[in-house]
Amino acid sequence: MPENSPVMLVVDHGPVRVLTLNRPDKLNALNTELTQAVHDALLAADRDEGVLAIVLAASGRAFCAGADLSEFKDLTPDHAIAVARRADLTSRTQILSQQLTKPVVSVVQGAAVGGGAGLAIAADMVIVAPDVKFGYPEVKHSIVPALVMTGLQRHLGRKLAFELVSTGRFLNADEMLAHGLANEIASSERLLERGIEIAAAWAAHSPLAMRAIKDLFY
């Protein structure tokens, strides 16, 4: 990826806004820049009266490989303010999709792990490719997925949720569908197209009704 490429791509398809994580050479790992870009792009889409539905996608072969571990060397007790700021940004971004007034569908291919897993399932609907690899492998690196696992119990029973975060086991596309983490499986070639179709169907409904649905549902 060229050095001057934006880490977030924003493209409108009529009333549908597609937000694409764009660090494919890093498997879209969430450094501070990309995390802030996701946060800001979601809020901007929600504020834009011309946008009625949102698709969250990612470029390359992975949706998101989780936190960018290369930043962890600077996030130590000696840099407490930086740690607190990053933790606050991460937690706000992880729950943001469900706080928006407009519906969000995530389209997920390849690795969706750690923070990437949390970001994917925070969307109102999730479409996965057959090659999806979903999980929380932080324990294998002696890290606690404290900020990103908070939404997992809302989607899964406690036993399976605990299994995933305590063993680092991954779920495949069929398992995600069976456990209600995904709405459907679409081929890699049709993944983004399917996400746009779903968002366009949402956009055909009353935005006031959709806003009330999200507010009451969550």
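# How the terms apply to this model

Visitor: What joins β1 to strand β2?
Guide: In this predicted model, β1 and strand β2 (residues 16–21) are joined by 6 bridges and run antiparallel.

Visitor: What makes β1 and β2 count as paired strands?
Guide: Two strands pair if there are at least two bridges between them. β1 and β2 have 6 bridges, so under that cut-off of at least two they are paired.

Visitor: Which residue in the hairpin of β1 and β2 takes a positive phi?
Guide: G14 does, with a phi near 65°. The hairpin has 2 residues between the strands.

Visitor: In what order do the strands of the sheet with β1 stand?
Guide: The order is β1-β2-β3-β4-β6-β9, an open sheet of 6 strands with mixed pairing. The edges are β1 (8–13) and β9 (184–185); each has a single partner strand, so one side of each lacks a neighbour in the sheet.

Visitor: How do you know that strand β3 and strand β4 pair, and in which sense?
Guide: Strand β3 (residues 53–58) and strand β4 (residues 104–108) share 3 bridges in the parallel sense. The requirement is at least two bridges, so the pair qualifies. Within it, V55 stands opposite V105 of β4.

Visitor: Which strands form the open sheet of 3 strands?
Guide: They are β5, β7 and β8, in the order β5-β7-β8, with mixed pairing. Here β5 (111–113) and β8 (170–171) are at the edges; each has a single partner strand, so one side of each is left without a neighbour in the sheet.

Visitor: What makes strand β7 and β8 a pair?
Guide: Strand β7 (residues 133–135) and β8 run antiparallel and are joined by 2 bridges. The cut-off is at least two, so 2 bridges meet it. G135 stands opposite F170 in β8.

Visitor: Why is M176 called buried?
Guide: Buried means under 20% relative accessible area. M176 has 1%, so it is buried. M176 lies in helix α6 (residues 173–178).

Visitor: What is M176 in contact with, leaving aside its neighbours within four places in sequence?
Guide: M176 is in contact with V128, V132, F134, L171, L181 and A182. V128 is 48 residues from M176 along the chain, and their C-alpha atoms are separated by 8.5 Å.

Visitor: What phi do L27 and N28 have?
Guide: L27 has a positive phi of about 55° and is not a glycine. N28 also has a positive phi of about 55° and is not a glycine. Most residues other than glycine have a negative phi. L27 is in the loop between β2 and α1 (32–47), and N28 is in the loop between β2 and α1 as well.

Terms used. Residues are numbered from 1 along each chain as its sequence is written. This is a predicted model: local features need pLDDT of at least 70, side-chain atom pairs count only at pLDDT 80 or more; totals for chains, interfaces and linings use all residues. Side-chain values use heavy atoms; hydrogens and water are left out. Helices (H or I, at least four residues) and strands (E, at least two) are DSSP runs, numbered from the N terminus. Buried means under 20% relative accessible area, exposed over 50%, partly exposed in between (1.4 Å probe, protein chains only). Contact means heavy atoms within 4.5 Å.
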